[in-house]
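Subject: Structure for your review

Dear colleague,

Please find below the structure I wished to pass on to you. My notes on what was found in it come after the coordinates.

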Amino acid sequence: SYGITEEFVGVPIRASMETVQVGVTTEGFPVLLDRIASEADHIGVIARIKPHTGFHGPIESGLMKMLMIGLGKHAGALVYHRILLDHPFDSVVRSIGRMLLQSAPIAFGLALVENAYDETAIVEGVAPEAFETREEQLLIEAKRLLMRLPLRKADLLIVDEIGKNISGSGMDTNVVGRKRAFRLGTMPPDAPVMRLIYVRGLSEKTHGNAAGIGLADFTSTRLVQQMDYRATVINCLTAGYPEGAFVPVHFATDREVLDAALAIIGTREPEQARILHIRNTLHLEEVDMSEPCLEEKERQTEFTILGRPRPLEFDAAGNLSPLLFR
């Protein structure tokens, strides 16, 4: 469905979910490898280096995670996510990755870093022995380039769409907050804090997979009706994250959701609510915001006001229009 076909890439595609076990780490973690890859003379590992949506540390999502989860396929994902419920991500991903680098014919890595506009900013070949050190360095750059909301705090964030093509967690927790790594610990002082999040719909390319909908406080009844519940649950259980499939409070119309949400934002009156409205967490070039947001001094990014204030506009059914780029 993404157009990655043999005709497009010009080479055969051999893919299956079969794995073989190539060893056990000193901690007792099984190390799984794609069966087809295990029969190859050389393996190239390609990965985006980016902040992980669930974990925090010097290594997050990148070459080392692709060794573990990518080459481990679905069976590896199931095993490793169970292990990660009891062990720190950093130590597990390093341990599994090192074993694979020793046991499998890993020839090279290709590290990709994207900029704030979802464009490729860096493409770099990495020798296997440099995976860990270079990934740590590139993650710092990836975090520097990360797109951010204009404000770190808001009363209500409206998100037009979530989806697996947008983020592994439906919406990027590095953008909206609510990152799993900080659930039981102290959040860093620069973490985004959205008091309430309302997700209006699903992207077309997510095919009903609403993984991450549990991050939201409100959603629309139309999203719930579009949701492939089984696919969503399987995805979240594989990640050891059942709450990612929890269905939030939902209403038939946007107007009903906004009435309910703005009634519970604390001591602010609804007309003083700090509201941000985005298309999704990949496209933040333009953001709708309520006038009280302009009074906030704690900005994450500088921004330019593109239009004059206007009232929220609902259609005859009581729904907002999606945020479109001008």
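The notes below take up the sheet, the nonpolar cores and a surface patch in turn.

Please bear in mind that this is a predicted model.

Six strands form an open sheet in the order 9-8-7-6-10-11, with mixed pairing. Strand 9 (249-251) and strand 11 (288-289) are at the edges; each has a single partner strand, so one side of each has no neighbour in the sheet.

Strand 10 shows both kinds of pairing. With strand 11, strand 10 (residues 275-278) pairs in the antiparallel sense over two bridges. Here M289 is the bridge partner of L276, and D288 stands opposite H277. With strand 6 (residues 153-159), strand 10 runs parallel, and four bridges join the two. On that side, I278 has V159 opposite it.

In a regular strand, side chains alternate between the two faces of the sheet. Strand 10 can be read in this way: I275 and H277 point one way, L276 and I278 point the other way, and all are buried.

The nonpolar cores. The largest nonpolar core has 37 residues, of which I43, L63, L67, M68, I96, I106 and F131 touch the most other members. At least two residues of this core are supplied by each of strand 2 (30-34), strand 3 (43-48), helix 3 (63-70), helix 4 (73-84), helix 5 (89-103), strand 4 (106-114) and helix 6 (131-145). Helix 5 gives the largest share, six residues. Another core, of 27 residues, lies apart from this one; among its members are A154, V199, I213 and I278.

Setting aside neighbours within four places in sequence, I106 is in contact with I43, V45, L67, L71, L100, L101, P128 and F131.

The surface. Y2, I4, F8, V9, V11 and I13 make a nonpolar surface patch of about 620 Å². One of these residues, I13, is in the loop between helix 1 (6-9) and strand 1 (19-24). Is I13 exposed or only partly exposed? I13 counts as partly exposed because its relative accessibility is 40%. In soluble globular proteins, by contrast, nonpolar side chains tend to be buried together.

With kind regards

How values were computed: Residues numbered from 1 in each chain as written. Predicted model: local features only at pLDDT ≥ 70, side-chain atom pairs only at ≥ 80, totals over all residues. Heavy atoms only, no water. Patch = residues over 30% accessible without salt bridge, like charges linked within 9 Å, V, L, I, M, F, W, Y side chains within 5 Å. Areas by Shrake-Rupley, 256 points an atom, 1.4 Å probe, with all protein chains shown as cover. Salt bridge = Lys/Arg side-chain N within 4 Å of Asp/Glu carboxyl O. Buried < 20%, exposed > 50% of the residue type's maximum accessible area, 1.4 Å probe, protein only. Pairing = 2+ DSSP bridges. Core = buried A, V, L, I, M, F, W, Y, C linked by side-chain atoms within 4.5 Å. Contact = heavy atoms within 4.5 Å.
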